[in-house]
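Open the model in your viewer and keep the selection tool at hand. The stops below are meant to be taken in order.

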Amino acid sequence: MSHKKSSQVPGDGENLRGRHAADSTENPADHEQHPRIPQQPSQTDWLRVGPQHPELGTADTPSPHASGHHFCHYTPKAFLTVHRGGHNTSARSTPCAEEGWHEATTKTTIRADNEVEAHREANNYKFGFRKWKGNVTEKPIEDRSDIIKELHSDLSIVKPQEGSVVTFGNIVYVFLFGWWISLIYFLICPIMFLTIFGAPYGKLCFKMACYFIWPFGKSLEKASHVVKRTIARPPKCEVIPEEGDTEDGKDTVRNKDSAPLLVSSPIPIEIPVPEPPAKKNPLQCRISTYVWLLLGYPVLAVVHSLACVLAWMLVFTIPVSKMNARTMTTVLLMAPEDIQIHTLEKTPGCETGVILCCYQAFNGYYYKYTVQGVNIFALNLLPFVLITLVIGYTDHDHKYFRAETIFFTAILSIIPLSYYIGMGIASISAQSNFAVGAVVNATFGSFTEMTFYITALLQGYRAGTKCYEEIVKAALTGTLLGCILFIPGICMIIGGIKHREQRFNSRSAGVSSALLFISVGGVFAPTLFSKTFGNLMCDSCTNVPGNSSVPFICKDCHYDMTQADPHLILSQIEPLVYTISVLLPAAYLIGLIFTLKTHSHIYDIHISDGQGGHAHGHHVVHWSRWRALAVLIVATVLMACCAELSTANIEPMLSHSSISQYFIGVTVLAMVPEIPEIVNGIQFALQNNISLSLEVGSCIAVQVCMIQIPLLILFNAFYDVGFVLVFSDIHLWASIFSVILVNYIFMDGKCDYFQGTALVVVYLILLALYFFAPSPRSC
């Protein structure tokens with residue numbers, strides 16, 4: 001018996017170490033960049049292969065002075081070094097290992113749980129690929145941290161109580177949910193007593209009313225379980241086996257022979273157990289059940305369903321939602337005499353199972369909660385898509401809903417659809433080769449913005465107004481400004497507050513900065529051309545008598561190409577725009593070749609195992625390739641519908657709003673679709689991976705200029721909607737100034753919250769400029 005007990009200690013130690021590793025992998029990025037000082041690899045950096053790959057052997061801790069056989073396994077953009085053998089393995093005796101690790105010391109070191117996650121992490125560092133923070137594979141709950149385990153708890157475990165249950169969140173529960181749920185139970189209680197047959201359920205309603213007014217620190221248990229626990233062993237507790245329970249008879253005899261002779265034998269003690277209550281008449285039970293299911297349960301089911309939905313939509317009160325769901329589906333369908341409520345003791349003990357037990361109504365970590373890999377916020381916003389489609393396509397005349405309401409619901413629906421498109425792209429890219437991932441990112445990566453731009457241009461063409469074209473140009477500029485100022489700035493602020501100072505890859509940032517310069521120069525070249533060769537038009541000019549130096553005072557002057565020589569437009573302006581639409585994608589392609597082929601070492605990363613031998617283990621993806629493709633197609637169709645509804649109902653805001661149309665374009669229409677990208681960038685910054693945070697914004701800005709604008713020009717060439725690549729002066733100077741500023745910030749490869757504050761303040765200044773700017777002339 002002592003032998004068995006001692007044999008469990010190493011296993012417990014392994015569990016503790018595994019749990020510690022699992023806790024550390026909740027933040028899977030461990031980013032250390034040392035571009036000048038090479039370091040020897042640590043023992044935790046080596047990829048350890050476990051029993052899932054027996055042909056590779058067991059990966060033990062290598063001895064620094066031993067030597068043996070091993071080999072290097074290299075995957076593109078990631079160094080995965082695998083040892084073969086036991087203790088006779090060395091990292092210093094092979095040139096292959098030395099070369100790989102010499103390069104890896106200048107790269108970012110991250111940890112991946114399996115091969116699919118390793119591909120996803122590597123894709124984040126590839127230029128032109130959409131950055132995605134969330135996991136695309138399912139991680140076993142036993143390998144998650146205690147916080148995540150608590151989020152996914154089903155409220156059926158009694159744990160040792162720590163601290164008081166009187167918290168701010170629990171008090172708020174009483175005012176939001178507790179009082180009216182308890183009131184409904186008190187109202188149903190006398191009704192059940194009046195039916196006589198439903199008296200047992202009337203007692204249950206009274207007990208449940210007292211429970212729901214303050215359910216914390218109490219447990220709902222089945223009466224039979226309570227009796228058993230007074231005479232039997234508590235579940236989930238380590239109990240020393242008795243002689244009769246030992247499987248091996250020889251061990252029993254050996255333990256019996258080695259037992260001391262002077263110790264008395266255990267004396268059996270009889271514990272009185274109360275007799276179970278006598279069974280009632282089956283007819284009476286059947287009648288009371290029918291009365292309950294007819295009068296009581298339907299009302300309470302509606303009440304608990306309402307509370308469940310409200311608590312779920314509030315996200316941070318999901319424990320209240322789970323509590324109401326379990327009550328509705330389990331507790332209220334049990335026999336009333338089998339339900340007992342007990343107040344939990346504060347003395348620590350082992351974990352036991354009950355029907356329902358809740359300690360807190362509010363948990364601030366529920367923003368991490370996922371369902372099948374989908375974040376809870378994206379899941380809760382999904383009903384807005386259905387609401388938008390229903391009210392948008394059924395209420396064309398706006399009899400029940402105003403156009404502004406449909407517009408805002410359509411814009412809000414774009415947020416979860418953008419999330420699903422991003423997760424679908426990441427899932428397919430992580431499970432496919434580089435070519436498939438590049439095609440998926442190129443086709444679906446810009447679809448969110450392109451659907452809105454094209455539908456807006458079509459709406460303006462059908463309405464015969466240039467206002468929609470100005471809105472599209474404002475949205476393009478707003479996306480550019482937000483991605484190079486706001487996204488890096490907010491990530492620097494949040495990451496700098498947590499990590500004080502963060503470092504990033506200055507070479508990769510330099511590539512993005514160069515592409516930004518090329519992008520801005522190409523996009524605004526026709527605007528500069530129009531200022532040089534266009535006609536200066538003024539709306540109103542007044543004569544100043546007696547002033548010979550300034551005879552006229554003109555207002556609202558601008559360069560207009562529409563009044564120029566038609567031959568000049570056909571011979572010079574259009575060829576310039578088409579030439580730029582070819583050069584910009586060519587520059588983007590050259591950037592891809594430079595960063596992914598000829599100079600791929602700039603973006604190379606080291607992917608190491610963070611859980612001791614499970615990097616190539618069994619994994620279950622949230623979305624398979626076909627499921628991810630189906631989600632992409634459905635989300636794309638829904639995105640097109642929501643974009644059409646948003647542009648069809650934006651007209652009242654353009655014509656009757658006191659806010660400048662410039663401001664609407666650069667804020668709502670530009671940044672709302674990028675909210676999932678902003679969240680990804682902030683999560684990268686919190687994990688001290690500011691490089692990816694900066695790449696999130698730079699990648700979108702480069703794609704806007706080098707892919708989306710050329711696609712709009714191509715669309716206009718085949719279907720003339722009057723789109724001319726000539727921007728207003730405010731767009732020109734705001735974009736040029738922003739690119740110069742962000743390149744100055746990225747020079748030293750370091751950032752802190754002050755530099756982030758500078759970027760955000762400049763962005764807010766530009767927003768104020770757009771807010772107070774007069775509306776475009778065409779609006």
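This is a predicted model: local features need pLDDT of at least 70, side-chain atom pairs count only at pLDDT 80 or more; totals for chains, interfaces and linings use all residues.

Residues are numbered from 1 along each chain as its sequence is written, and side-chain values use heavy atoms, with hydrogens and water left out.

**Stop 1: H17 and H26**

Select residues 506–523, helix H17, and residues 729–745, helix H26. Helices (H or I, at least four residues) and strands (E, at least two) are DSSP runs, numbered from the N terminus. The two axes come within 10 Å and cross at roughly 170°. Axes here are lines fitted to C-alpha atoms, for helices over the stretch in contact, and angles run from 0 to 180 degrees between N-to-C directions. H17 and H26 are therefore roughly antiparallel (angles under 35 degrees count as roughly parallel, over 145 as roughly antiparallel, 65 to 115 as roughly perpendicular and the rest as oblique).

Now show the side chains. From H17, Ser 513, Leu 516, Phe 517 and Val 520 meet Ile 736, Val 739, Ile 740, Val 742 and Asn 743 of H26; contact means heavy atoms within 4.5 Å. By class, seven of the contact residues are nonpolar, two are polar and none is charged (Ala, Val, Leu, Ile, Met, Phe, Trp, Tyr, Cys and Pro count as nonpolar, Asp, Glu, Lys and Arg as charged, and the others, Gly among them, as polar).

**Stop 2: H26 and H27**

H26 contributes Ile 730, His 731, Ala 734, Phe 737, Ser 738, Leu 741 and Ile 745, and H27 contributes Gln 755, Leu 759, Val 762, Leu 766, Leu 769 and Tyr 770. The contact of H26 with H27 has ten nonpolar residues, three polar and no charged ones.

**Stop 3: aromatic rings**

The whole structure holds 23 aromatic pairs. Rings of Phe, Tyr and Trp (its six-membered ring) pair if their centres lie within 6.5 Å; planes under 30 degrees apart count as stacked, over 60 as edge-to-face and the rest as tilted. Select Trp 312 and Tyr 369: the ring centres are 6.0 Å apart and the planes stand at 85°, so this pair is edge-to-face. Trp 312 belongs to helix H9 (residues 282–313) and Tyr 369 to the loop between strand S9 (356–358) and strand S10 (370–371), so the pair ties together parts 57 residues apart in sequence. Trp 312 is partly exposed at 22% relative accessibility, whereas Tyr 369 is buried at 9% (buried means under 20% relative accessible area, exposed over 50%, partly exposed in between, with a 1.4 Å probe and protein chains only).

Then select Tyr 173, Phe 177, Trp 214 and Phe 216, which form one aromatic cluster.

**Stop 4**

Select Leu 632 in helix H20 (residues 625–648). Leu 632 is buried, at 0% relative accessible area. Its C-alpha atom is 5.8 Å from that of Gly 424, 208 residues away along the chain. Not counting residues up to four places away in sequence, Leu 632 touches Ile 421, Gly 424, Ile 425, Ile 428, Val 440 and Phe 444.

Finish at Asn 324 in helix H10 (residues 318–329). Asn 324 counts as buried, at 0% relative accessibility. With residues up to four places away in sequence not counted, Asn 324 touches Ile 181, Phe 212, His 304, Ala 307 and Cys 308.
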